[in-house]
Amino acid sequence: MSMVEKFHAEVRPERLRTHLEWFAGVRRDTGGEGEEAAVEYLTAQLRESGVPVQVHELDCYLSYPREASLRALGADERSFECVTHSFTVPTPDGGIRAPIRYVPDNDFSGAAGEVLLLDGLCTPITVLEASKAGVRAIVFANQGDAVHNMIATTIWGTPSADQLERLPTVSAVSIAKPDGDALKARLKQGPVEIEMRTVVETGWYPSKLPEVVIEPGASGASDEFVLVGGHYCSWEYGITDNATGDACLLELARILYAGRDQLRRGVRICWWPGHSHGRYGGSTWYADTFFRDLAERCIAYHNIDSPGVKGATQYVARHTTAEVEGFCTGVIEHVTGQAEAPIHRPSRAADQSFLANGVPAFSTYPFLPEGHPDRKAWTGGCANAWWWHSTHDTLDKADIDILSNDTRVSLTAITDLTNAELLPIDPSAASAEALAYANEFAAATAGHVDAAAFTAAAEALHEATTAFMLHARSLSDRAALAAANATLMGLSRVLLPVTYTKGGRFVHDPAEWSPIMRNTKSSLFPGLNPGLDLADMHGTDTYGFVKAGVVRQLNRTVDALQQAVRMCDQARHQTPTASV
């Protein structure tokens, strides 16, 4: 029996079930009593299993939606079930009483001081645009029968002083689609006055981040490590978002710590606070606080969010960068038999706080299959189930057998990474993607910006990374393999920041795009994406401003690609190709 098979045999469904039953009784709002209880439970379970755990204490800027009410006034007065949202502005003590206007296309021109009815989720980019337009308040009519909790700020993690202007200035609630339809029907008959009241508490809160550090014990062990994380705070009871992930992390920690003598690299397992009420405040704090450690030694980040969902059978390589997509899909196929799993690039969601530092990312868990009655396109977690971020995410929505298998998939991925002779990071896959984007960009921006240097650098990079990978895969000497691995990690540090960020390695871009809250055409090269619209902007004042920014981002991107070419060439010529 192989090491991985032994680890698989250690997965205990009954332990996973026990964990979920505990989580089903505790709401885990970050910074509150539920968080404290969750940390006590997590640490007690780990210590009972003999796993050492440290608890980091930090201050996070968080926002708690406490109370909300909405009434349509008049002869047919009616109250609507609703929720308010993190980081929206609380209404005055007496509430807001004003006419409401339906805006089907989210056009905020001329809407200053108004209360608006909008279709869809309370997304951060919508709230930001409404705030800039001076909108007073918004009623969001969600797409289904469930009302979804959301966080309304675009700011990623705790804001820096220069980001405070991005905080929302509007009040907001969400209602279910049938209630939204009823409100629209009344508006067709004539003006409608509403009364909205919300209580939202925003400020600094102490929080806790449990971490297990597993040092490798195998012969010739490295100081490199795999980072594994998932959030333990939640909306409501959040069983499949993300109590299932927390249970999975507990099993991973127990099994990997017991088998640490068979690992050649380390594993760090973190339970993130501040995900739901601080837009990834916990993982952002960790990324900032341990920046050098991550930059120098972290192989990859494996995020675990919403595994073990009832009915979820279609595995997806989610939040997966090109460098590790072959590895990720290979693990899925090996464990589950599902070949050619769909691949989703990382979005500005799911605690993806480490891309700016150049750490490759991947996730491995199933979604509900297309056509499943519980699947809804507008949801972002819970395997795309309708109960995401709602009161309905309860114990009956989890499946222990699926969760057990998801745990085995993650075990395989982590142990393969820790024991690989040559890291399964393929920069030639990333360079192929960059080249395809460069060609698309050049075609879209022809006559507006000169993209020749970009396409030339992308072509050179693809040639250089392809040659380097052929060289690296021919190596057998341990020192030569270590040097090749250092180059693979170094290439990621150079390429991922330009591929996934506008601001670079030392800041966190805002959460303006994701599968359900997108305002750009692609998650790749966000600094360059505005250039794809230059042709449509030509002749406007905005054109010149956008063009100036795109040219600067082109310079940044070309510089990074050329640096990566030099790294590949230097590594090929300096690394021995055989044992001596």
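A disulfide is counted here as a pair of cysteine sulfur atoms within 2.5 Å. The model is predicted: local features need pLDDT of at least 70 and side-chain atom pairs pLDDT 80 or more, whereas totals for chains, interfaces and linings use all residues. Residues are numbered from 1 along each chain as its sequence is written, and side-chain values use heavy atoms, with hydrogens and water left out.

**View A. Cysteine 298 and cysteine 122.** The count comes to zero disulfides under this rule. The sulfur of cysteine 298 has its closest cysteine sulfur in cysteine 270, at 9.9 Å, which is too far for a bond. For cysteine 122, the closest cysteine sulfur belongs to cysteine 82 and is 12 Å away, also too far. Cysteine 298 is buried (under 20% relative accessible area; exposed is over 50%, partly exposed in between; 1.4 Å probe, protein chains only), with a value of 0%. Cysteine 122 is likewise buried, at 0%.

**View B. Helix α6, residues 239-258.** Helices are DSSP runs of H or I with at least four residues, numbered from the N terminus. Helix α6 has 20 residues and reaches 27 Å from its first C-alpha to its last, close to the expected 28 Å; the expected span is 1.5 Å times one less than the number of residues. Because 19 of its 20 residues are buried, α6 is largely enclosed by the rest of the structure.

**View C. Leucine 423 in the loop between α10 (400-419) and α11 (427-445).** Leucine 423 is buried, with a relative accessible area of 1%. Its C-alpha is separated by 6.0 Å from that of asparagine 485, 62 residues apart along the chain. Leucine 423 touches Arg265, Ile299, Leu417, Asn485, Leu488 and Met489, not counting residues up to four places away in sequence; contact means heavy atoms within 4.5 Å.

Methods: Helix = DSSP H or I, 4+ residues; strand = E, 2+ residues; numbered from the N terminus.
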